[in-house]
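The sequence and structure are shown first.

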Amino acid sequence: MPNGEQERDMRRFAGSARFVFNKALAMQKARYEQGEKKLGYFEICKSLTEWRNDPEAVWLSEAPVHTLQQSLKDLERSYTNFFAKRADFPRFKKRGQSDSFRYPDPKQIKLDQGNNRIFLPKLGWLRYRNSRNVLGSVRNVTISRSNGKWFASIQTQRQVEQPQAIESAPIGIDMGVTQFVAFNDGSFVAPLNSFKKHQQRLAKYQRRMARKIKFSSNWKKAKARVQKIQSDIANARKDFLHKTSTAISKNHAVVCMEDLQVRNMSKSAKGTVEKPGKNVRQKSGLNRAILDQGWFEFRRQLDYKVQWAGGKLVLVPAHYTSQTCPSCNHVLADNRLIQAEFLCVECGYENNADTVGAMNILERGLRLIACQASGAVMPPATGTRRGDPRSATTKSQPDFAAWPGPLQATQSNNSLDLPQLWCSWEAARSSSFCKCRES
Ligand SMILES: [Zn+2]
């Protein structure tokens with residue numbers, strides 16, 4: 001809840017942080033094009049000092065220097081993520097897109113929770129509305145602006161006891177478009193599809209905005225409306241993901257899900273001129289649904305929430321999870337005759353296709369745990385299926401059945417007895433499927 005002067009300053013600081021980020025990125029790009037080495041963080045900090053001393057950029061020297069250095073650190077991290085193939089190449093920041101800056105020095109920050117106020121360098125005391133109590137000691141504060149509102153995110157540090165995992169059945173999760181998640185026990189969580197629901201409303205106001213004269217006051221009003229809808233969508237999605245991931249992590253210590261590849265998903269379905277993609281329409285629709293539903297954010301939330309509860313999130317390769325029969329392990333594309341139902345051509349096992357996917361994911365997850373506990377190397381997936389699906393059974397199907405099975409007496413300092421989990425689950429599985437096999 002900044003006053004007018006504070007808000008103006010925050011806008012300027014965010015602008016300075018963006019300026020420094022973009023200038024440093026442009027510099028690194030230019031060096032790259034000339035075949036020079038990328039500058040390290042400390043070298044580029046020297047350039048920052050020069051920029052701040054430039055008499056024509058006095059405004060830059062008015063922003064807190066620590067926040068500008070943090071901006072350079074952010075750029076460093078973008079590069080690291082890019083080189084580690086976790087993210088795309090760093091992009092230039094635009095005004096109004098994730099405006100933010102970060103104060104890294106806890107000594108300069110004062111938090112007065114009793115009076116709902118926080119002291120930040122060059123801004124002074126700011127009043128705020130509390131979303132939750134701050135536990136532990138403050139490490140840094142990030143100020144950001146979203147949809148015209150300002151937010152302070154406070155990172156803290158504290159000691160917590162190693163949480164004791166709850167006794168619960170391990171669970172497998174299959175992410176999908178018709179159902180947001182399917183569980184191995186046959187239950188589902190329906191998708192929210194907040195974007196789809198609001199899409200028409202959004203399109204209507206976007207059209208209205210397009211008809212107005214740019215930067216006129218009516219255009220600004222229409223734009224605010226569009227941004228409001230966009231932020232409503234984002235908030236509804238956030239709420240949905242948090243509720244779903246919290247419910248799962250509270251009830252299950254071991255959660256298995258497929259290892260989604262962010263880069264593969266967000267890659268254009270169209271492919272390149274030399275290598276045009278197949279099934280472009282379906283794939284781009286799927287990619288959009290995946291990004292719309294926030295699968296990656298969901299995985300991120302599950303990961304930390306399950307850990308907070310003393311459990312473990314296991315990511316498994318997802319090849320053929322929807323085509324493998326959980327009863328006889330027969331793999332064939334024909335196994336999945338229609339989208340919603342799974343029917344094994346070999347043994348006649350029938351179930352919902354998404355449930356079957358979740359069952360297979362659970363099985364692989366538990367196998368993986370058993371492998372890791374024994375120090376065994378997981379057999380690599382030997383490639384993807386091409387052409388005739390029937391060749392998959394002999395050629396490129398990863399041999400999951402060859403993974404080591406149950407293991408006895410493995411020492412683990414984790415409160416979870418992971419190998420034991422596999423043993424009991426495998427035993428239960430054999431007994432539940434023996435009838436199916438006989439028939
Ligand atoms: Zn079968």
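A residue counts as buried when its relative accessible area is under 20%, as exposed when over 50%, and as partly exposed in between. The model is predicted. By that cut-off Cys344 is buried, because its relative accessible area is 3%. Cys328 has a relative accessible area of 28%, so Cys328 is partly exposed. Gly357 is buried as well, with a value of 0%.

| Residue | Relative accessible area | Class |
|---|---|---|
| Cys328 | 28% | partly exposed |
| Cys344 | 3% | buried |
| Gly357 | 0% | buried |

**Zinc site**

The zinc ion takes its protein donors from the SG atoms of Cys325, Cys328, Cys344 and Cys347, at 2.2 to 2.3 Å. Angles subtended by the 4 donor atoms run from 106 to 114°, and the arrangement is therefore tetrahedral. Along the sequence, the donor residues follow the spacing C-x2-C-x15-C-x2-C. Cys328 sits in the loop between β11 (312–316) and β12 (341–343), while Cys344 sits in the loop between β12 and β13 (350–352), so this pair ties together parts that are 16 residues apart in sequence.

**Gly357**

Gly357 belongs to helix α10, which spans residues 353–374. Which residues does Gly357 contact, leaving aside its neighbours within four places in sequence? Those contacts are Asp174 and Thr321. The C-alpha atom of Gly357 is also 8.1 Å from that of Thr324, a residue 33 residues apart from Gly357 along the chain.

Key
Residues are numbered from 1 along each chain as its sequence is written. This is a predicted model: local features need pLDDT of at least 70, side-chain atom pairs count only at pLDDT 80 or more; totals for chains, interfaces and linings use all residues. Side-chain values use heavy atoms; hydrogens and water are left out. Helices (H or I, at least four residues) and strands (E, at least two) are DSSP runs, numbered from the N terminus. Buried means under 20% relative accessible area, exposed over 50%, partly exposed in between (1.4 Å probe, protein chains only). Contact means heavy atoms within 4.5 Å. Donors are N, O and S atoms within 2.8 Å of the metal (3.2 Å for Na, K and Ca); water is not among the atoms, so sites may look incomplete. Four donors count as tetrahedral if all angles lie between 85 and 135 degrees; four count as square planar and six as octahedral if opposite donors are over 155 degrees apart and all others between 65 and 115; anything else is irregular.
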